[in-house]
Amino acid sequence: MPIATINPATGETVKSYDELTEEEIDRRLAAAATTFATYRRTTFAERAAWMRAAAAILDDEVDHVAAMMTTEMGKTLAAARQEVQKCAKACRYYAEHAEGYLKDEPADAEATGALRAWVTYQPMGPVLAVMPWNFPLWQAMRFAAPALMAGNVGLLKHASNVPQTALYMQHLFERAGFPSGAFQTLLIGSKKVEAVLKDRRVVAATLTGSGPAGSSVAATAGSQIKKTVLELGGSDPFIVMPSADLERAAEVATTARLLNNGQSCINAKRFIVHEDVYDEFQRRFVEAMSAQVVGDPMEDGTDVGPLASEQQLHDVSELVDDAAGKGASVLCGGKPLGGQGWYYPPTVLADVTPAMRVHLEEVFGPVATLYRVRDIDEAVELANATEFGLGANVWTDDESERERFLADIEAGMLFFNGNTTSYPELPFGGIKSSGYGRELSFHGIKEFCNAKTVWVGKGSASTSE
Ligand code: NAP
């Protein structure tokens with residue numbers, strides 16, 4: 001895959017980049033290792049000042065960065081602006097909370113015969129982050145902000161179609177005052193990841209992306225006994241029970257499916273609706289999906305922009321054609337718009353069966369599958385009938401139903417009566433084939449820390465075991 005910005009709204013190649021040479025990669029890894037030796041000793045106050053400066057730069061440059069992301073991967077300008085603001089918020093969040101999250105934790109000295117015992121959190125070293133294009137700034141930032149605040153240094157291998165955003169990240173942290181080498185972008189293709197991860201100067205890796213990419217990076221890291229965090233795909237259920245506010249559920253369902261032009265890991269993808277409210281939900285949902293404005297992502301008033309690449313358009317079309325060919329009802333959309341750019345309209349499929357690929361695979365585009373279920377047992381069973389376990393969205397006002405879903409839904413995140421989304425304050429991550437480990441909140445910052453146990457004996461009388 002070329003390292004290039006190709007505008008999805010036009011198909012035009014805007015800017016191409018050469019991949020780094022072996023020597024250039026080596027220089028960056030050396031800089032990461034050298035910088036870590038001193039950066040790890042900087043204080044939380046110093047890092048927080050730099051992180052707040054990064055947030056201020058993002059605030060100042062929101063329009064420029066948003067336009068850059070929209071040009072690289074097609075999200076609407078309004079969504080891109082929100083993404084930049086969210087990144088600034090995450091920078092400030094970790095600037096404020098990192099020190100408290102990583103403070104020493106007292107342990108039971110008495111039980112272990114110690115004078116004192118505690119756990120202290122220390123940075124691990126240079127961490128490689130392999131990131132996807134769908135939230136080009138946010139995905140990288142939710143790794144970078146906690147990692148840098150913990151005293152680690154970062155190496156970003158971003159998706160090949162968002163090189164400008166990738167380079168911007170490095171430039172941002174340098175201008176904010178972080179030492180040069182604390183956060184570096186590696187413009188490399190995926191084939192070079194293995195060698196970088198095997199390099200002894202890289203101590204751990206995080207990958208957000210598809211299952212095959214995650215599995216490959218985890219295998220390499222495993223062969224080197226290096227820690228990984230994996231944030232992979234999802235096929236989140238959106239369950240609607242009769243007690244729900246149907247009007248609100250149908251409205252949020254549309255946003256939940258179409259956020260980021262339908263290309264988010266936590267988009268609701270499978271809509272599982274109780275038979276008592278199915279017909280009414282379907283009517284409202286299809287009406288709302290059909291009313292979305294698809295078009296130029298730079299224009300105010302556009303709801304859904306193009307898919308990020310020609311390959312994406314091909315993959316989504318293939319999944320819908322497969323379902324339609326096997327008897328699914330196409331309630332709206334169902335064919336690429338044609339003409340310039342990689343546009344696919346909001347699409348709703350009903351009468352979906354397990355023989356169809358959309359039933360099992362993640363559809364990374366604005367396509368919803370609708371299912372009618374008889375009761376809560378069938379809803380839970382269908383929700384869990386997937387290899388994924390990222391988020392889940394459930395609409396019910398019944399407390400006992402909530403308890404049942406809470407107990408039995410297989411997901412890393414469960415949202416009731418509201419859209420699944422990420423917040424710096426809440427841990428984010430999945431189970432099953434959606435990955436492992438957590439980003440954000442205090443869970444995220446501890447992933448790449450050495451939780452070092454410290455035990456101090458009582459002097460000559462101390463025991464050792
Ligand atoms: P992808 O093809 O897996 O690419 C993600 C990153 O991995 C890119 O930087 C890519 O580099 C790299 N990569 C691909 N194959 C690799 C390999 N064998 N070894 C090492 N690196 C490799 O995924 P995508 O199409 O960009 O993103 C969509 C997927 O990401 C969806 O499945 C989505 O659900 C998932 N996602 C998950 C989360 C989450 O938090 N759970 C968030 C966002 C997206 P190149 O670009 O150079 O190929």
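Reply: We start with a helix pair, then turn to a sheet. Keep in mind that this is a predicted model.

Me: How is a pair of packed helices described?

Reply: Two packed helices are described by the angle between their axes and the distance between the axes. Here, helix H2 (residues 44–60) packs with helix H6 (residues 163–176) at about 125°, and their axes are 8 Å apart. Angles over 145 degrees would count as roughly antiparallel, and 65 to 115 as roughly perpendicular. H2 is therefore oblique to H6.

Me: What is the handedness of the crossing of H2 and H6?

Reply: Right-handed.

Me: Which residues meet in this contact of H2 with H6?

Reply: H2 brings Trp50, Met51, Ala53, Ala54, Ile57 and Leu58. H6 brings Tyr168, Leu172, Phe173, Arg175 and Ala176. The contact divides into 10 nonpolar residues, no polar ones and 1 charged.

Me: Now the sheet. How do strands pair?

Reply: Strands of a sheet pair through backbone hydrogen bonds, either parallel or antiparallel. In this model, 6 strands form an open sheet with mixed pairing, in the order S7-S6-S5-S8-S9-S19. Strand S7 (183–185) and strand S19 (435–436) are the edge strands, each pairing on one side only.

Me: In which sense do S9 and S19 pair?

Reply: Antiparallel, over 2 bridges, with S9 spanning residues 227–231. Leu230 stands opposite Tyr436 in S19.

Me: Which helix packs on the sheet?

Reply: Helix H1 (residues 22–39) does, touching strand S5 (126–130), strand S6 (153–157) and S7. The direction of H1 makes about 155° with that of S6.

How values were computed. Residues are numbered from 1 along each chain as its sequence is written. This is a predicted model: local features need pLDDT of at least 70, side-chain atom pairs count only at pLDDT 80 or more; totals for chains, interfaces and linings use all residues. Side-chain values use heavy atoms; hydrogens and water are left out. Axes are lines fitted to C-alpha atoms, for helices over the stretch in contact, and angles run from 0 to 180 degrees between N-to-C directions. Helices (H or I, at least four residues) and strands (E, at least two) are DSSP runs, numbered from the N terminus. Angles under 35 degrees count as roughly parallel, over 145 as roughly antiparallel, 65 to 115 as roughly perpendicular and the rest as oblique. A crossing is left-handed if the near helix is turned anticlockwise from the far one by less than a right angle, and right-handed if clockwise. Contact means heavy atoms within 4.5 Å. Ala, Val, Leu, Ile, Met, Phe, Trp, Tyr, Cys and Pro count as nonpolar, Asp, Glu, Lys and Arg as charged, and the others, Gly among them, as polar. Two strands pair if DSSP finds at least two bridges between them.
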